[in-house]
Amino acid sequence: IAPRHAAMLTTLRPGDLRVQREGQEELFFYVTGGILEVQPKKVTVLADTAIRGHDLDEAKASEAKKRAEEAMRNAKSDIDLAAATSEFATMAAQLAAIQKLRKK
């Protein structure tokens, strides 16, 4: 989002978030979702959860993704399946964010 962008309010899906302030180092975060508000001179992110890029743990995310896959296979109700599917999508997005960070 460039300076003086038109006002906007939108939801965020799980994924990476880059923050680049003029004259400062770029920051990288993984968010699990939330809301993004853009005003002409200000951007606000209200994230459900935000993890700094350097704090992401690929091994833990991979293990959590495997557990979610197993939970999806063993779901006994639609509610269990929905919860496991949501967790799977979140962990898949976190792993994609980790891989994107590594490419930088």
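Modeller: Two strands are said to pair if DSSP finds at least two bridges between them. This is a predicted model, in which local features need pLDDT of at least 70 and side-chain atom pairs count only at pLDDT 80 or more, while totals for chains, interfaces and linings use all residues. Residues are numbered from 1 along each chain as its sequence is written, and side-chain values use heavy atoms, with hydrogens and water left out.

Biologist: How many helices and strands does the chain have?

Modeller: The chain has two helices and six strands, and along the sequence they follow the pattern β-β-β-β-β-β-α-α. Both kinds of element are DSSP runs numbered from the N terminus (helices: H or I, at least four residues; strands: E, at least two).

Biologist: What makes strand S3 (residues 27-31) and S6 a pair?

Modeller: Three bridges join S3 to S6 in the antiparallel sense; the rule asks for at least two, so the two strands pair. Within this pairing, tyrosine 30 has isoleucine 51 in S6 as its bridge partner.

Biologist: Why are S2 and S6 called edge strands?

Modeller: The open sheet they belong to has three strands in the order S2-S3-S6, paired antiparallel. Strand S2 (15-19) and strand S6 (50-52) each have a single partner strand, so one side of each lacks a neighbour in the sheet. From one strand to the next, the twist of this sheet averages 35 degrees.

Biologist: Which strands form the other open sheet, and in what order?

Modeller: S1, S4 and S5 form an open sheet in the order S1-S4-S5, with antiparallel pairing. Strand S1 (8-12) and strand S5 (42-47) are its edges, each pairing on one side only. Here the twist averages 15 degrees from one strand to the next.

Biologist: Why is H1 described as roughly antiparallel to H2?

Modeller: Helix H1 (residues 58-73) and helix H2 (residues 78-103) pack at about 155 degrees, with their axes 8 Å apart. That angle makes H1 roughly antiparallel to H2, because angles over 145 degrees count as such. The angles run from 0 to 180 degrees between N-to-C directions. The crossing of H1 and H2 is left-handed.

Biologist: Which residues bring the two helices into contact?

Modeller: Contact means heavy atoms within 4.5 Å. Among the residues of H1 that meet H2 are Ala61, Ala64, Lys65 and Ala68, and among those on the H2 side are Leu81, Phe88, Met91 and Leu95. By class, this contact has 12 nonpolar, three polar and five charged residues.

Biologist: What is the radius of gyration of the chain, and what would a compact globule have?

Modeller: The chain has 16 Å, whereas a compact globule of 104 residues would have a radius near 13 Å. The radius is taken over C-alpha atoms, and the globule rule is 2.2 Å times the number of residues to the power 0.38. Along the principal axes, the C-alpha atoms fill a box of roughly 50 × 30 × 15 Å.

How values were computed: Parallel < 35°, antiparallel > 145°, perpendicular 65-115°, else oblique. Left-handed = near helix turned anticlockwise from the far one by under 90°. Nonpolar A, V, L, I, M, F, W, Y, C, P; charged D, E, K, R; others polar.
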